[in-house]
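Hi,

Here is the model I said I would pass on. Have a look at it first, and my notes follow below.

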Amino acid sequence: MPSAEPASPPAPAGVIPVAASRHSYAVHVGRGLLATLGALMRGLPQAGEGGRCALVTDDRVQALHAGAALESLRGAGFSPALLAVPAGEASKSLHRVEELCEGMAAAGLDRGSLVVALGGGVVGDLAGFAAAVFGRGIPVVQVPTTVMAQVDSSVGGKTGVNLRAGKNLVGAFHPPALVVADVETLRTLPPREWNEGWAEAAKHGVIADRALLNDLARLARSDDDAVAAMVARNVRIKASVVAADEFERAGRRELLNFGHTLGHALETAAGYGTFLHGEAVAVGMMAAARLSRRLAGLPVDDEAALEELLLRLGLPVRFPAGVSTDALIEAMRRDKKFRAGRLRFVLTPRLGEALVSDDVDEEAARAAIGELRAAPIE
Ligand SMILES: NC(=O)c1ccc[n+]([C@@H]2O[C@H](COP(=O)([O-])OP(=O)(O)OC[C@H]3O[C@@H](n4cnc5c(N)ncnc54)[C@H](O)[C@@H]3O)[C@@H](O)[C@H]2O)c1
């Protein structure tokens with residue numbers, strides 16, 4: 001009788017250590033790692049004797065991946081309580097924090113328990129913040145399931161929720177005890193969500209690793225090992241930036257804002273939900289590249305190469321006709337980085353390097369937006 005194909009064993013593309021002031025943690029990246037989640041958590045010094053933990057997720061991810069996570073946790077002796085919130089940015093609210101904390105208390109979690117955040121950046125930020133405040137702080141394990149969360153938001157310790165007055169206005173630095181990024185969970189992402197996540201990877205290439213941009217252009221969705229290697233490479237970049245400036249005081253972590261000033265303005269001016277975050281950041285990166293040409297000497301070929309990559313990733317590169325320059329400038333003015341008519345703006349003098357500039361004023365931003373309406377690069 002022909003024997004069944006043996007299941008391929010979990011393949012970690014890497015275990016990346018991240019240094020944080022209170023504790024260091026490991027980011028595991030690879031294929032099939034969700035099945036090893038419980039065992040990896042058992043190895044944590046924070047795991048303690050009791051097996052109580054909360055598995056926090058959203059309703060979409062719950063239907064796709066919570067079963068495998070619960071099985072792995074139970075198999076390692078944990079008794080997880082499943083707490084799900086509706087999918088979407090609206091769940092990043094204080095109301096959901098209260099609901100989660102009540103749910104954790106009702107499930108018998110105490111100061112020796114853990115929170116597991118299974119999902120994209122919304123679940124990571126929300127569950128991470130709930131963990132930061134429940135019992136004055138219990139450990140959180142991040143299990144990111146979107147490209148964006150794997151290459152970016154699950155690493156670095158920023159957690160928080162939104163207020164009506166703005167995004168991420170309440171939060172805490174609460175570095176995870178562990179990050180488990182299983183690239184096989186990305187298979188269920190719809191194409192648009194898959195594409196948008198790579199905008200943050202392109203950003204990492206622009207600010208720190210020019211060669212990454214070439215490899216990103218060649219990345220095939222069907223090649224899990226290549227995807228895992230690309231995620232691991234991004235985690236290393238984010239980890240090194242965060243280790244150098246954990247609390248965003250030394251000007252280094254600020255470099256991660258490349259493309260985000262006008263990207264956020266576009267997200268706001270177009271109305272939340274019109275553009276996915278990564279899509280807006282892609283347009284914002286093109287505007288930052290145009291400003292970099294004017295103010296930091298970015299070669300025109302570098303600007304064209306960035307545009308070619310973003311197009312290849314299926315991302316937009318132009319401001320849409322329906323969003324006026326005035327509306328974009330108005331949204332930018334409300335940005336916390338905008339002070340006394342000047343912006344602290346991240347520019348790139350050549351792909352692979354970045355600097356923070358105080359030279360970008362409103363007129364320069366207006367000109368860059370105007371040039372990036374429909375025109376080809378020349
Ligand atoms: N903490 C940080 O450092 C940091 C950095 C960047 C962004 N963020 C935050 O991240 C959030 C955005 O995160 P996001 O882009 O991951 O969005 P998200 O968490 O809303 O996920 C996008 C959608 O994909 C679904 N989904 C998630 N994983 C899936 C999977 N494997 N298969 C199918 N569907 C899946 C979700 O249910 C959701 O509907 C924002 O709130 C942003 O502020 C935080």
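**What I found**

The chain splits into domain 1 (11-189) and domain 2 (248-371), with the bounds taken from an automatic or database domain assignment. Between the C-alpha centres of domain 1 and domain 2 there are 31 Å.

Two housekeeping points. Residues are numbered from 1 along each chain as its sequence is written. This is a predicted model, so to speak of local features I needed pLDDT of at least 70, side-chain atom pairs count only at pLDDT 80 or more, and totals for chains, interfaces and linings use all residues.

**Confidence and overall build**

Mean pLDDT (the predictor's confidence in each residue, from 0 to 100) is 92 for the chain, and 93% of its residues reach 70 or more. Residues 1-7 are the part to treat with care: pLDDT stays under 50 there, and the model gives them zero contacts beyond four places in sequence. A contact here means two residues whose C-beta atoms, placed from the backbone, lie within 7 Å.

There are 13 helices and twelve strands; these are DSSP runs numbered from the N terminus, with helices being H or I of at least four residues and strands being E of at least two. The radius of gyration of the chain is 21 Å, close to the 21 Å that the globule rule gives for 378 residues, so the chain is as compact as a globular protein of that length. That radius is taken over C-alpha atoms, and the globule rule is 2.2 Å times the number of residues to the power 0.38. The C-alpha trace spans about 60 × 55 × 35 Å along its principal axes.

Of the 378 residues, 51% are buried. Buried means 20 or more other C-beta atoms within 10 Å of the residue's own, exposed means 12 or fewer, and partly exposed is in between, with C-beta atoms placed from the backbone. Taking contacts between residues at least 6 apart in sequence, 74% join residues at least 24 apart.

**The core**

The largest nonpolar core has 121 residues, and Val56, Val115, Val116, Ala202 and Leu266 touch the most other members. By nonpolar core I mean a set of buried Ala, Val, Leu, Ile, Met, Phe, Trp, Tyr and Cys residues joined through C-beta atoms within 7 Å. Helix H10 (residues 277-296) gives the most to this core, with eleven residues. Domain 1 (11-189) and domain 2 (248-371) both give residues to this core, so it lies between them.

What does Leu266 touch, not counting residues up to four places away in sequence? The list is Phe275, Ala280, Val283, Gly284, Phe319, Val323 and Leu328.

Leu291 sits in helix H10 and counts as buried, with 26 C-beta neighbours inside 10 Å. Beyond four places in sequence, Leu291 touches Phe345, Leu347, Val360, Ala364 and Ala368. Leu291 and Ala365 are 74 residues apart in sequence, yet 7.4 Å apart in space, C-alpha to C-alpha.

Val241, in helix H8 (residues 224-244), is buried too, with 20 other C-beta atoms within 10 Å. Setting aside neighbours within four places, Val241 is in contact with Arg252, Arg253, Leu255 and Leu256.

**Strands**

All five residues of E6 are buried. Val140, Gln142 and Pro144 point one way from E6, while Val141 and Val143 point the other way. Strand E5 (residues 114-119) runs parallel to E6, joined by five bridges, and Val116 has Val141 as its bridge partner. I call two strands paired if DSSP finds at least two bridges between them.

Strand E7 (residues 158-163) has five of its six residues buried. E7 pairs with strand E8 (residues 166-173) in the antiparallel sense over five bridges, and the two form a hairpin with two residues between them. Lys158 stands opposite Phe173 in E8.

Arg136 is in the loop between helix H4 (121-133) and strand E6 (140-144), and is exposed, with 7 C-beta neighbours inside 10 Å. Asn168, also not a glycine, has a positive phi of about 55°. Asn168 belongs to strand E8 and is partly exposed, with 14 other C-beta atoms within 10 Å.
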